[in-house]
Amino acid sequence: MQLLQQVEDVDAASAGTVRLEHHGVFVTIVLNRPDKMNAISCSVLAGIRRAIQAAEQTPSVKAIVIRGEGRAFSAGGDLEEVSALVADSRRFDEFLDYWHESLNLVEDCELPTIAAVHGIAFAGGFELTQVCDFVVLGEQTKIGDQHANLGLFPAGGSTQRLTRLIGPRLARWMLMTGSTISPHDALRVGLVNEVVEEDQVLRRAEEMASSFAAKSRRASAEIKRALALGEGLPVRDALRYERQIAVRHMASEDVRVGITAFQARTTPTFD
């Protein structure tokens, strides 16, 4: 399917709440509800899912940037939508299935994903950043989980992912108090990769995405797979997975291209 058709499919799937932009070697997934501070609804999740699939189905795409339109990355889940569901446990459970499946698609995407985070990233928006591979954060951006401030439960994954990212004590404090974390503290504890001036967030995220142009898409995917499979396992068990992936990957065409280029003292070109 042509990428233009996929762009239109994302718009249709999301009812215009998500936009897919093609920038050569990378695509940008834009949360497009600026009047709602990019609150994440089922339509937004549908758009994200379709956009991830479109990027993975396009061989020339090497990376994905995720950003918000307007003044914020995302204020979180759409509480108007959620409030209509919570009274019916079955419907809310189905909604959580859809939410987790959607974030899992981002987390499991074979392409490197980069969150360009400006303004605010709260609650569900914060949870979306946690499933991206890399995060660029604006130096004035407010980031954190706000569920506790409203007596809500962070059901989008923070109770499990955040502690793995920053450790249990800080994760407990943020989740149970609703406290934000300063951008530079977020950098210090490994929650984000870089902190830049607010108006440079997107530019830096795009630079990071462009850096994958010369990289093997297959190698990036296999590294991500090994990291995911090994997480939480004893190191020797994890190394067994690493070995299986390595044996498979080292027999690939990309490895032949890379070694040939090394021997010829040239730069490899990967399909």
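Reader: What makes the contact of Lys224 with Asp133 a salt bridge?

Author: In this predicted model, the closest N and O atoms of Lys224 and Asp133 are 2.8 Å apart. The rule asks for a side-chain nitrogen of Lys or Arg within 4 Å of a carboxyl oxygen of Asp or Glu; the pair therefore qualifies as a salt bridge.

Reader: Which parts of the chain does the pair link?

Author: Lys224 belongs to helix α10 (residues 217–230), while Asp133 is in the loop between α5 and β6 (134–138). The two residues are 91 residues apart, and the pair is accordingly one that links distant parts of the chain.

Reader: Why is Lys224 called buried, and why is Asp133 called partly exposed?

Author: Buried means under 20% relative accessible area, and partly exposed lies between that limit and the exposed class, which is over 50%. Lys224 has 15% relative accessibility and therefore counts as buried. Asp133 has 29%, so Asp133 counts as partly exposed.

Reader: How many salt bridges does this rule give?

Author: The count comes to 21 salt bridges. One of them joins the side chains of Glu69 and Arg19, at 2.6 Å from N to O.

Reader: Why is the pair of Glu69 and Arg19 said to tie together parts that are apart in sequence?

Author: Glu69 is in the loop between β3 and α3 (79–83), whereas Arg19 is in strand β1, so the pair ties together parts that are 50 residues apart in sequence. Glu69 counts as partly exposed because its relative accessibility is 23%. Arg19 counts as partly exposed as well, at 27%. Both residues also belong to a network of salt bridges that links Arg19, Glu21, Arg67 and Glu69.

Reader: What makes Arg90 and Glu94 a salt bridge, and what is the N to O distance?

Author: Their side chains meet at 2.9 Å, N to O, and the limit is 4 Å; the pair is therefore a salt bridge. Arg90 and Glu94 are four residues apart in helix α4 (residues 89–108), so about one helical turn separates them. Glu94, at 43% relative accessibility, counts as partly exposed.

Reader: How many aromatic pairs does the structure hold, and why is the pair of Phe95 and Trp99 called tilted?

Author: The structure holds three aromatic pairs. The ring centres of Phe95 and Trp99 are 6.1 Å apart and the planes stand at 50°. Ring centres must lie within 6.5 Å to pair, planes under 30 degrees apart count as stacked, and planes over 60 count as edge-to-face. The rings therefore pair, and their angle makes the pair tilted.

Reader: Where in the chain are Phe95 and Trp99, and are they buried or exposed?

Author: Phe95 and Trp99 are four residues apart in helix α4, so about one helical turn separates them. Phe95 counts as buried because its relative accessibility is 8%. Trp99 likewise counts as buried, at 4%. Together with Phe92, they form one aromatic cluster.

Reader: How do you know that strand β2 is mostly covered?

Author: Six of the six residues of β2 (residues 26–31) are buried. On one side these are Phe26, Thr28 and Val30, and on the other Val27, Ile29 and Leu31, so that both faces are covered.

Reader: Which strands are joined to β2?

Author: Six bridges join β2 to β1 (residues 18–23), and these two strands run antiparallel. Leu20 stands opposite Ile29 in β2. Six bridges also join β2 to β3 (residues 63–68), and here the strands run parallel. The bridge partner of Leu31 in β3 is Gly68. With helix α2 (residues 42–56), β2 and β3 make a right-handed β-α-β unit.

Reader: In the sheet of β5, β7 and β8, what is the order of the strands, and why are β5 and β8 said to stand at the edges?

Author: The three strands form an open sheet in the order β5-β7-β8, with mixed pairing. β5 (120–122) and β8 (180–181) each have a single partner strand, so one side of each is left without a neighbour in the sheet. Helix α5 (residues 123–130) packs on the sheet and touches β5 and β7.

Notes. Residues numbered from 1 in each chain as written. Predicted model: local features only at pLDDT ≥ 70, side-chain atom pairs only at ≥ 80, totals over all residues. Heavy atoms only, no water. Buried < 20%, exposed > 50% of the residue type's maximum accessible area, 1.4 Å probe, protein only. Pairing = 2+ DSSP bridges. Right-handed = clockwise from strand over helix to strand, strands pointing away. Contact = heavy atoms within 4.5 Å. Axes fitted to C-alpha atoms, helices over the stretch in contact; angles between N-to-C directions. Phe/Tyr/Trp six-rings, centres within 6.5 Å; stacked < 30°, edge-to-face > 60°.
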